[in-house]
Amino acid sequence: MTEATHDLVWRRFTPAQRIARFAVYLAIVVGIVVSIQSVEVIPEFLADAPDQVADLFARMWPIDLAYYPRGVHAALMETIHIASLGTLLSLGLALPIGLLAAHNICPSTPVNLFAKLILVSSRSVNSLVWALLFVGIFGPGALAGTLAIAFRSIGFVGKLFGEALEETSHGPIEALDAAGAPALSRLAFGYWPQVKPAFWSIALFRWDINVRESAVLGLVGAGGIGMTLDAALNLFQWDRVALILLAIFAIVILAEIVVTVVRKRVL
């Protein structure tokens, strides 16, 4: 008797996986089609866009460089101050919340969940929304911008700092516990040396982000270079708009260079 042999066909995905992949692709295509329809792109405006862009650049040239000393420099420095003070304030507020969110530091689930709720609430509100809120409370100016940057950064800093704490090694902590070290000593000599590089990376990265975000907060009255940009846009002073955009671009590049240099020195 001869035994019938069957050729085996190798397939990368099972039938269920193929159906699931097709469903995902179909959902993506449907989402794109629905989004395009809801955006309501006007073909006439889209076709005219290159001419409008060329006309806008023509109005921006030549750049009014003479306006920088009297109209841009002070606002640009205020933007940096808003970003720096907001970052420092966020660090002071986020570190205790990050400690409460780390389960190995605070082994209480309700406290952990409450701390994480605060961090999520901070991240879920855009910095412009925070700025509108604080402008309504304190009035327009740098104070509203500083608080907006700080409250927006709490969730970012606290979440990453808490996760860094939870990823620390237990060996040094157990050694300090065996020696009878108090809680503050465990934090200072057990946890801090392990999370110090992550802390400085988080702080520098957040300051870099805040420099960029603080540049636009002035559009809602929260101080900084954004208020100067808003005034120039409202008055159709396109040569000054070009100068302000160039200054923002320069300060963002400078902040990136500073962060890179400091990271190499500190870390």
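Leucine 187 lies in helix H8, where helices (H or I, at least four residues) are DSSP runs numbered from the N terminus. The model described here is a predicted one, in which local features need pLDDT of at least 70 and side-chain atom pairs count only at pLDDT 80 or more, while totals for chains, interfaces and linings use all residues. Residues are numbered from 1 along each chain as its sequence is written, and side-chain values use heavy atoms, with hydrogens and water left out.

With a relative accessibility of 28%, leucine 187 counts as partly exposed; the term covers the range between buried, which is under 20% relative accessible area, and exposed, which is over 50% (1.4 Å probe, protein chains only). When residues up to four places away in sequence are not counted, leucine 187 touches Leu99, Ile105 and Trp192, contact being defined as heavy atoms within 4.5 Å. The C-alpha atoms of leucine 187 and alanine 66, which are 121 residues apart along the chain, are separated by 53 Å.

Two packed helices are described by the angle between their axes and the distance between the axes. For helix H3 (residues 68–101) and helix H8 (residues 183–217), the axes come within 9 Å and cross at roughly 145°; axes are lines fitted to C-alpha atoms, for helices over the stretch in contact, and angles run from 0 to 180 degrees between N-to-C directions. Residues that make this contact include Thr79, Ile82, Leu95 and Leu99 of H3, together with Leu187, Phe199, Arg206 and Trp207 of H8. By class, the contact of H3 with H8 has 11 nonpolar, 5 polar and 1 charged residues, where Ala, Val, Leu, Ile, Met, Phe, Trp, Tyr, Cys and Pro count as nonpolar, Asp, Glu, Lys and Arg as charged, and the others, Gly among them, as polar.

A pair of aromatic rings is described by the distance of the centres and the angle of the planes. Rings of Phe, Tyr and Trp (its six-membered ring) pair if their centres lie within 6.5 Å, and planes under 30 degrees apart count as stacked, over 60 as edge-to-face and the rest as tilted; by this rule the count comes to 7 aromatic pairs. The rings of tryptophan 130 and phenylalanine 134 are a stacked pair, because their centres are 5.9 Å apart and their planes are at 15°. Tryptophan 130 and phenylalanine 134 are 4 residues apart in helix H5 (residues 127–138), so about one helical turn separates them, and both residues are buried. The rings of phenylalanine 199 and tryptophan 200, by contrast, have their centres 5.3 Å apart and their planes at 70°, so this pair is edge-to-face. Phenylalanine 199 is buried, with a relative accessible area of 10%, whereas tryptophan 200 is partly exposed at 33%. Ring pairs also link Trp130, Phe134, Phe138 and Phe151 into a cluster.

Helix H9 (residues 225–234) contains threonine 228, which is buried with a relative accessible area of 15%. Leaving aside neighbours within four places in sequence, threonine 228 is in contact with Tyr67, Gly71, Ala75 and Ile244. Methionine 227 is also placed in helix H9, but is partly exposed, with a relative accessible area of 36%. With neighbours within four places again left aside, methionine 227 is in contact with Gly218, Leu219 and Gly221, and the C-alpha atoms of methionine 227 and valine 216, 11 residues apart along the chain, are separated by 8.1 Å.

How values were computed
Helices (H or I, at least four residues) and strands (E, at least two) are DSSP runs, numbered from the N terminus.
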